Amino acid sequence: MTKRLIKLFLGLIMFGLGLSFVYFANIGLDSWNSLHSAISNFTGIPIGYVSVIVAGGAFFLAVALGEKFGLGTIADSLIVGPVFQFIIDSNVFEMQTEVLPSLVYISLGMAITALGALLYMSSGFGAGPRDSMYLGLSKKFGLQVGTTKLICEVLVVVLAYFLGGLVGWGTFLNAIFSGLFLQAFIFILKFDPKKVDQENIFQSIENFRKLKKS
């Protein structure tokens, strides 16, 4: 259990770190963070905390659609955004202004988020809030999960663009290559996410109880 928790939290921290590299690449954010940046501009709430609010909305929509959630779903909602915001505020990295450094940063960002996602998935504590939402919507409207994800993220980017979010050519690079980075690491590490049994929150609570008694 301890090893799984380490994987979960390390994966989420890596995910937040990877998003920060994409942010400092300065050529456009991933789909959801481009929307978060637009909301941040309107509200004055820092982008990382907007991410928490939006993730919370996705979480509650998924639950309303009848999807089960796990410890990982809750942890994802609460940890990734603050880690992302902490790195932005720490001024560890600088905004890139040249094409080559920007490409290096966004490539590092996609690689780190892919590794973080695999660690997170391997912990078996359930899907993230947005993935749970995609699954619930796909069942509701009778669509494939991949199709639902594509429709949602295209709508998110279009909305972000018209709201003045940080949409750029990096947004499209992220859309095209982030999945390829994930598949590459799955191949290199010989990891099959489909073979991981994902616990819901009630199963996790029961397992914690058993661990406490032993």
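A crossing of two helices is called right-handed if the near helix is turned clockwise from the far one by less than a right angle. The legends below describe a predicted model.

**Close-up 1. Helix α3 packs against helix α4 in a right-handed crossing.** Helix α3 spans residues 47-64, and its axis lies 7 Å from that of α4, at an angle of about 165°. Because angles over 145 degrees count as roughly antiparallel, α3 is roughly antiparallel to α4.

**Close-up 2. Residues of α3 and α4 form the contact between these helices.** From α3, the contact draws on Ile47, Gly48, Tyr49, Ser51, Val52, Ala55 and Phe59. Helix α4 contributes Thr73, Ile74, Ser77, Leu78, Gly81, Pro82, Phe84, Gln85 and Ile88. By class, the contact of α3 with α4 comprises ten nonpolar and six polar residues, with no charged residues.

**Close-up 3. Helix α1 packs against helix α4 at an angle of about 40°.** Helix α1 covers residues 2-25 and helix α4 residues 71-90, and their axes are 8 Å apart. This angle makes α1 oblique to α4. The crossing of α1 and α4 is right-handed.

**Close-up 4. Residues of α1 and α4 form the contact between these helices.** On the α1 side, the contributing residues are Leu5, Leu8, Phe9, Leu12, Ile13, Phe15, Gly16, Leu17, Leu19, Ser20, Tyr23 and Phe24. On the α4 side, they are Leu71, Gly72, Ala75, Asp76, Ile79, Val80, Val83, Phe84, Ile87 and Ile88. The contact of α1 with α4 contains 18 nonpolar, three polar and one charged residues.

Notes: Residues numbered from 1 in each chain as written. Predicted model: local features only at pLDDT ≥ 70, side-chain atom pairs only at ≥ 80, totals over all residues. Heavy atoms only, no water. Axes fitted to C-alpha atoms, helices over the stretch in contact; angles between N-to-C directions. Helix = DSSP H or I, 4+ residues; strand = E, 2+ residues; numbered from the N terminus. Parallel < 35°, antiparallel > 145°, perpendicular 65-115°, else oblique. Contact = heavy atoms within 4.5 Å. Nonpolar A, V, L, I, M, F, W, Y, C, P; charged D, E, K, R; others polar.
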